[in-house]
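Student: Can we go through this structure together? I'd like to start with the terms.
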Amino acid sequence: MNLSQELDSIYEEAIQKIGASISEEDLDKNKNDFIGKKGKLTAVLKNVASLSIEEKKTVGQKANELSKKLEVFVSDTKTTLKKKLFESQAASEFFDTLRPLSKPENGSLHPITQIQYEIEDIFASMGFSVMDGPEIETDTNNFGALNFTEDHPAREMQDTFYLENGNLLRTHTSAIQVRTLRHLKPPFRIIAPGRVFRYEEVDASHEHTFYQIEGMVVGKNISAANLIDTMQVLLSRIFEKEIKTRLRPGYFPFVEPGFELDINCLVCEGKGCPVCKQSGWLELLPCGLIHPNVLSHAGLDPKEWTGFAFGLGLDRLVMMRYGIHDIRYFQSGNLRFLKQF
């Protein structure tokens, strides 16, 4: 067997043994056995000196080519071994970094979800239906059908998250009310719970992502008295006591007249704190009688049908109920906080 044939034999043997490596340590050993300082391929090259000039050129070139091929094969084999190792570890040594190290505990509903279900039950007992809708809305459903003008500040980028296709993340669940007006025939009573999004400067009482329950009643001869009575029933049943409230005039494009219903801050008992911005009062519930333009946009005759609408911030309601000082706790995922509920 000449040197060229011997090189071919060594190369085939190297491919088999290196390819059969079961670990990186085994791979390194097999590599050294063939292309290390004392490897078989290296030993053959030491005999090149006894060859003729033409044979030296041919055998030397072939040896270098085979050595480079083996280097590439070793590198590819190492990558394959690492991948197999990671897959094996992922299957046998999986560890959820978010899972507590202590004994597994039963989960529970988030405090906002708890109070949402409770409010749904309260309204259901008053004859309301629960409606749902998408979190990604059209500009028409979120603004246009609610009597917002084209230049209304809420349409601007600093208040609303717009998408590239012109749609947006809903800023209120009033969009569900718009959809309801199109699909239900009055009279009806509905509430619309859900998550909403606004470009807010986050602080103790403001979040960019929060939860609302909005409601709407459409019928005949609906007045502000019906609205106030409904809200008082709701608050007294939630807090299980009479709550001090005040009603202030407020402007909202979709109601006329519009009101701001405030409650006495239950965190500080009206003394003033960061939650109520030291005022003693917390804005909780914008409301009012449905604007005739909103009814007309839905194809209803405002001379025949009237109604009221309201929006309730669930996050702030939970804060009042449990004396929570910072709205940011709800989105934090802090188990020590959530376990209290």
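Tutor: Helices (H or I, at least four residues) and strands (E, at least two) are DSSP runs, numbered from the N terminus. This is a predicted model, where local features need pLDDT of at least 70, side-chain atom pairs count only at pLDDT 80 or more, and totals for chains, interfaces and linings use all residues. Residues are numbered from 1 along each chain as its sequence is written, and side-chain values use heavy atoms, with hydrogens and water left out.

Student: OK. Where does Pro257 sit?
Tutor: Pro257 is in strand E7, residues 255–264. A cis peptide bond joins Glu256 to Pro257, with omega at about 0 degrees.

Student: What about Pro186 and Pro187, what joins them?
Tutor: A cis peptide bond, with omega of about 5 degrees. Pro187 lies in the loop between helix H7 (174–183) and strand E4 (188–197).

Student: Why flag these bonds at all?
Tutor: Because most peptide bonds are trans, and most residues other than glycine have a negative phi.

Student: Is Glu240 buried or exposed?
Tutor: Glu240 counts as exposed because its relative accessibility is 67%. The cut-offs are under 20% relative accessible area for buried, over 50% for exposed, and partly exposed in between (1.4 Å probe, protein chains only).

Student: And Gln278, what is its phi?
Tutor: Gln278 has a positive phi of about 65 degrees and is not a glycine. Gln278 is in the loop between E7 and strand E8 (281–290), and at 53% relative accessibility Gln278 counts as exposed.

Student: Switching to the whole chain. How many helices and strands?
Tutor: Twelve helices and nine strands.

Student: What is the radius of gyration?
Tutor: The chain has 36 Å, whereas a compact globule of 341 residues would be near 20 Å. The radius is taken over C-alpha atoms, and the globule rule is 2.2 Å times the number of residues to the power 0.38. Along its principal axes the C-alpha trace spans about 115 × 45 × 35 Å.

Student: How much of the chain is buried?
Tutor: Buried residues are 42% of the 341. The accessible surface is about 19,400 Å², and carbon and sulfur atoms hold 51% of that. Those areas come from the Shrake-Rupley method with a 1.4 Å probe; for residues, only the protein chains shown count as cover.

Student: Now helix packing. At what angle do H1 and H2 pack?
Tutor: About 175 degrees, with axes 10 Å apart; H1 covers residues 3–19 and H2 covers 24–35. So H1 is roughly antiparallel to H2. Axes are lines fitted to C-alpha atoms, for helices over the stretch in contact, and angles run from 0 to 180 degrees between N-to-C directions. Angles under 35 degrees count as roughly parallel, over 145 as roughly antiparallel, 65 to 115 as roughly perpendicular and the rest as oblique.

Student: Which residues meet there?
Tutor: Ile10, Glu13, Ala14, Lys17 and Ile18 in H1 meet Leu27, Asn30 and Phe34 in H2. Contact means heavy atoms within 4.5 Å.

Student: And H1 with H4, what angle?
Tutor: About 5 degrees, with the axes 11 Å apart; H4 is residues 53–92. H1 is therefore roughly parallel to H4.
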